[in-house]
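Please read the points below with the sequence and the structure open beside you.

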Amino acid sequence: MTKHVAMKTPPIVSRQEWEAEREKMLVKEKATMRARDALSAERRRMPWMEVDKAYVFEGPNGKASLLDLFEGRRQLIVYRAFYEPGVYGWPEHACRGCSLGADQVGHLAHLNARNTTLAYASRAPQADIVSLKQRMGWEMPWYTITDSFDKDFGVDEWHGHNVFIQDGKKVYRTYFINSRGDEQMGTVWSYLDATPLGRQEVWEDSPEGYPQTELYSWWNWHDNYDAAPDKTWEAVAAAGEAAFRDKDGK
């Protein structure tokens, strides 16, 4: 019989004491945020590795190259999800951890607006992938691995996000996130911070010549990115930026 251990809770304090404790925590939170910004800036300066092998995937429209997975955009993030024979839950479900991650993925229109594509890849046949996506309500493009892509990029035995950029017909690997790093993925910000171009906003410390726009100016409703920039929103965004963002980039 398991012995019940009483939960040792924190002290109960007044509003003033609570606010004072929060202010102390906020100092540490801001320091962590600054450190994360600095890490992302360093990541944008990582060397690139040219991908010189012609990988072939199966997609809903047939065979696709790694360059095809970009869907015409500059950046690509490929998450290796485990959905295939031998994985617990097959064929009704993918790996529980990979599925939890897929449930976290935000609306892809915001990533696409920053010239970035997110794709999933597994070894399951396309018919099963299509069925899984419909059942689970997932929208990300999902491809079938047909060759050594997973082994070559460190995701044949464990999940992970590989990040790529294209320049003309050439593709380069720029970063790799796996293990507990995958827990942080899912938001537009976590994905963009992993890319070589970052969020592409003027406050970021990026190399010279990198694309950058004003903070908030590119933000939009996910069904409205095809419309012309809204001047009213740009004015509201600029006012909000001036009022709420402190000089060192809160």
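**Note on strands, charged pairs and cores**

1. Strand 7 (residues 160–167) and strand 8 (residues 170–178) pair in the antiparallel sense over 8 bridges. Strands here are DSSP runs of E with at least two residues, helices are runs of H or I with at least four residues, and both are numbered from the N terminus. Two strands count as paired if DSSP finds at least two bridges between them. Within this pair, Gly-160 stands opposite Asn-178 in strand 8. The two strands form a hairpin with 2 residues between them, and Gly-168 in the turn has a positive phi of about 70°.

2. The model is a predicted one, in which local features need pLDDT of at least 70 and side-chain atom pairs count only at pLDDT 80 or more, while totals for chains, interfaces and linings use all residues. Residues are numbered from 1 along each chain as its sequence is written, and side-chain values use heavy atoms, with hydrogens and water left out.

3. Strand 8 also pairs with strand 1 (residues 49–50), to which it runs antiparallel, through 2 bridges. Here Met-49 stands opposite Arg-173 of strand 8.

4. The structure holds 12 salt bridges, a salt bridge being a side-chain nitrogen of Lys or Arg within 4 Å of a carboxyl oxygen of Asp or Glu. One of them joins Lys-53 and Asp-152, with the closest N and O atoms 3.4 Å apart. Lys-53 lies in the loop between strand 1 and strand 2 (56–59) and Asp-152 in helix 6 (residues 149–152), so this pair ties together parts that are 99 residues apart in sequence. Lys-53 is partly exposed, at 43% relative accessible area, and Asp-152 is partly exposed at 36%. For these terms, buried means under 20% relative accessible area, exposed means over 50%, and partly exposed lies in between (1.4 Å probe, protein chains only).

5. Arg-123 lies in the loop between strand 5 (116–122) and helix 5 (126–136) and Asp-150 in helix 6, so the pair ties together parts that are 27 residues apart in sequence. Asp-150 is buried, at 4% relative accessible area, whereas Arg-123 is partly exposed at 32%.

6. Glu-201, in the loop between helix 7 (188–193) and helix 8 (231–244), is buried yet has no salt bridge. The nearest side chain of opposite charge, that of Arg-199, is 5.1 Å away; for charge, Lys and Arg count as positive and Asp and Glu as negative, while His and the chain ends are not counted. Leaving aside neighbours within four places in sequence, Glu-201 is in contact (heavy atoms within 4.5 Å) with residues including Arg-114, Trp-189 and Tyr-216.

7. The largest nonpolar core has 28 residues, and Tyr-83, Leu-118 and Trp-142 are among those with the most contacts inside it. A nonpolar core is a set of buried Ala, Val, Leu, Ile, Met, Phe, Trp, Tyr and Cys residues joined through side-chain atoms within 4.5 Å. Strand 4 (75–80), helix 3 (96–104) and strand 5 are among the elements that each supply at least two residues of this core, and helix 7 gives the most, with 3 residues. Apart from this core lies another, of 17 residues, among them Leu-66, Phe-70, Tyr-143 and Phe-149.
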